[in-house]
Amino acid sequence: KGRTDMPFIRTTTNVNLAVDQEKRLRTGTAELVRDILNKDPIRMMTAYEGNIHLCRGGDDRRNVPTAFVECKFFGGGGYEVFEAFDKAMHELYRNVLSIQPQDLYIKYEVIYGWDEPAKIFKI
């Protein structure tokens, strides 16, 4: 398994998120962080923004469930880890929000330094 610490995952979607959907996304993401990234989900931070004017393609698709997800990881997990995480995230969003793979964009970013109270640490 790869090494990634303190993931931050932000979801922006045109779906009007119900409380139970957000909880299912958060719980499912925590499981992926644990099982694929091999990290304690207690260190995970998530943000969910629903009911955003977000559209992939032309105006005729504005009501198609769509999401943009940003995944920021402290340290790299390697291609295989991110590939497995990507596949699992697509499945999670399809199951919870009915977002098809072509309507879900996931951006991955490896961060080489997070702040900590009174100091900055890097890998």
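Predicted model: local features only at pLDDT ≥ 70, side-chain atom pairs only at ≥ 80, totals over all residues.
Biologist: Thanks! Which residues of helix 2 are buried, then?

Modeller: They are Val81, Phe82, Phe85, Met89, His90, Leu92, Tyr93, Val96 and Leu97. Seen down the axis of helix 2, these buried residues fall within an arc of 165°, so they line one face of the helix.

Biologist: And which exposed residues are on the face turned away from that buried side?

Modeller: That face of helix 2 carries Tyr79, Glu80 and Lys87.

Biologist: How many residues does helix 2 have, and how far does it reach?

Modeller: Helix 2 runs over residues 79–97, which makes 19 residues. From its first C-alpha to its last it reaches 26 Å, close to the 27 Å expected at 1.5 Å a residue.

Biologist: What follows helix 2?

Modeller: Serine 98 does, and its phi is positive, near 60°. Serine 98 sits in the loop between helix 2 and strand 4 (104–111).

Biologist: Switching topic: where is threonine 66?

Modeller: Threonine 66 is in the loop between strand 2 (45–49) and strand 3. With a relative accessibility of 5%, threonine 66 counts as buried.

Biologist: What does its side chain reach?

Modeller: The side chain of threonine 66 reaches the backbone oxygen of valine 64 at 2.8 Å. Leaving aside residues up to four places away in sequence, threonine 66 touches several others, including Asn14, Arg56 and Asp103.

Biologist: What about alanine 67, buried or exposed?

Modeller: Alanine 67 is buried, because its relative accessible area is 2%, under the 20% cut-off. Alanine 67 lies in strand 3, which covers residues 67–74.

Biologist: Which residues does alanine 67 touch, not counting those up to four places away in sequence?

Modeller: Alanine 67 touches Thr11, Thr12, Thr13, Leu54, Ile99, Asp103, Leu104 and Tyr105.

Biologist: What separates the C-alpha atoms of alanine 67 and arginine 56?

Modeller: They are separated by 8.9 Å, and the two residues are 11 residues apart along the chain.

Definitions and conventions: Residues numbered from 1 in each chain as written. Heavy atoms only, no water. Helix = DSSP H or I, 4+ residues; strand = E, 2+ residues; numbered from the N terminus. Buried < 20%, exposed > 50% of the residue type's maximum accessible area, 1.4 Å probe, protein only. Contact = heavy atoms within 4.5 Å. Polar contact = N/O pair within 3.5 Å; in protein donor to acceptor, adjacent residues only side chain to side chain. Expected span 1.5 Å × (residues − 1). Arc of directions from axis to C-beta.
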